[in-house]
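I opened my notebook with the structure on the screen.

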Amino acid sequence: MIPDIDHAYLEEVLLQLLAIPSPVGLTDAAVRYAAGRFEALGIPYVLTRRGAIRATLAGREERPARAIVAHLDTLGAMVRALKDNGRLAIVPIGHWSARFAEGARLTIFTDTGRLRGTCLPLKSSGHAFGDEVDTQPVGWDHVEVRVDAPVHDRAGLEAAGINVGDWIAVDPQPEIQPGGYINSRYLDDKAAVAALLTACKAVRDHGLALPVDVHPLLTLTEEVGSGASAALHGEVAELVSLDIAIAAPGQNTSEHSATVCMQDMSGPFDYHLTHKLIGLAKTHGIALRRDVFKYYRSDAAAAVEAGNDIRTALLGFGADASHAQERTHRDALERADEDDHRLHDERAGGAARLPADGLAAGLHRAVAARRHGAAADAAAGAGRLPRSVHAGEALRPRRPQWLSGGGSASAATGARPRAWRSRPASSRR
Ligand SMILES: [Zn+2]
């Protein structure tokens, strides 16, 4: 039998990761944090020249190795111009709509420090503009950043230390509901990173024997397209990319299950690897949907386009409103006692409860699966670490200065971020 995953660990890692801004190009702090997590788990890793993390879970044989990749980078923005009205014109980092930047709180990273601000439409005050607030166009040329500093002109912005090209990170606004809904920007792809680390922890905690080396990869430039291409090495034969799965009208994805993507913009994924994942899900009773994504590409495409001769598959957690106000459910990431099957059964008059596992559980089963699909042994006790290490004592992610006070600061310092949680800890499964 393959043991359970640590749900509390998954949630803690997710909230701490979300508290560390990591727009493409400004990912050092997130890399330090993730590296610390691998260290605490006793999993060796190297940093590639570009700063991506390649960890190694050693198997009985080195090859053909497997890799599982998730990305640490997120969307963001950058200062395009210092405006005469004392506000900032901005451009997006990665692809996202300015519609979802309107009203966002954010941090501007200058050469000398950090400033806080808000992204607003050019016409924001209803008392001043009336109906024009609703009729103005949407787009990056139609928003500006109001800096929380006494600046009223371009010279003021310069005096505040702001330059064209300064990075901007938008607040994720994470919130976990008692019923299991997880709302936040940048669940793409921090939820997958948290699931991957949790799967690694399960393998470590239970001393699972792996048939071949598995390389968890954390990449830094997925949102701008280059992703995993540079983080692989020659022995990797199979790559599973973990990313957001698109729950939207017309899609087959659900917020309550994992999704295997059969095809995206880069074409169909490898038949054999994809069906191996589907088979594992069936064997272990994991809720898994199949879907096809139209406007989507991932680290897997980048790896193949870079000339790597590897088989690739894409496994996702179902989430609504991708690259906007994203939402997923605990079910998609960990374990669901009440999933779609159960709902269907109830509608059909039955009361069966079919436990279903989400991304993290499916992952650690995939990692641990032997070549012929048999369940891996649990070598009792091996690789276990003191509980205190897991809780983050060994790891002090640099506290973002802008998180000054309130519940969110605690997430960056390792304590449980109570302000984000309305569910009492005792009720956690
Ligand atoms: Zn992504």
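I first needed a rule for contacts: two residues are in contact if their C-beta atoms, placed from the backbone, lie within 7 Å. I also noted that this is a predicted model.

**Entry 1: the whole protein**

Residues 24 or more positions apart account for 77% of them. I then looked up the secondary structure and found 13 helices and 20 strands. The protein has 429 residues, and 47% of them are buried.

**Entry 2: helix H2**

I picked H2, which covers residues 28-40. How far apart should its ends be? At 1.5 Å a residue, its 13 residues should span 18 Å. I checked the end C-alpha atoms, and they are 18 Å apart, which agrees.

Next I asked which residues of H2 are buried. I found Ala30, Tyr33, Ala34, Arg37 and Ala40. Seen down the axis of H2, these buried residues fall within an arc of 120°, so they line one face of the helix. I remembered the general rule here. An α-helix has 3.6 residues a turn, so residues three or four places apart point the same way.

Gly42 follows H2, and its phi is positive, near 70°.

**Entry 3: strand E17**

I moved on to E17, residues 311-320. How many of its residues are buried? The count is 10 of the 10, so E17 is largely enclosed by the rest of the structure.

I wrote down a general point before going further. In a regular strand the side chains alternate between the two faces of the sheet. I then sorted E17 by side. Arg311, Ala313, Leu315, Phe317 and Ala319 are buried on one side. Thr312, Leu314, Gly316, Gly318 and Asp320 are buried on the other. Both faces of E17 are covered.

**Entry 4: the partners of E17**

Which strands pair with E17? I made a list.

- E13 (residues 236-247) pairs with E17 in the parallel sense, over 10 bridges. Asp243 has Gly316 of E17 as its bridge partner.
- E14 (residues 258-264) pairs with E17 in the antiparallel sense, over four bridges. Cys261 has Leu314 of E17 as its bridge partner.
- E18 (residues 327-329) pairs with E17 in the antiparallel sense, over two bridges. Ala319 has Thr328 of E18 as its bridge partner.

Last, I looked at the turn. E17 and E18 form a hairpin with six residues between them. Ala321 lies in that turn and has a positive phi of about 55°.

Definitions and conventions
Residues are numbered from 1 along each chain as its sequence is written. This is a predicted model: local features need pLDDT of at least 70, side-chain atom pairs count only at pLDDT 80 or more; totals for chains, interfaces and linings use all residues. A residue is buried if 20 or more other C-beta atoms lie within 10 Å of its own, exposed if 12 or fewer, and partly exposed in between; C-beta atoms are placed from the backbone. The expected span of a helix is 1.5 Å times one less than its number of residues. The arc is that of the directions from the helix axis to the C-beta atoms. Two strands pair if DSSP finds at least two bridges between them.
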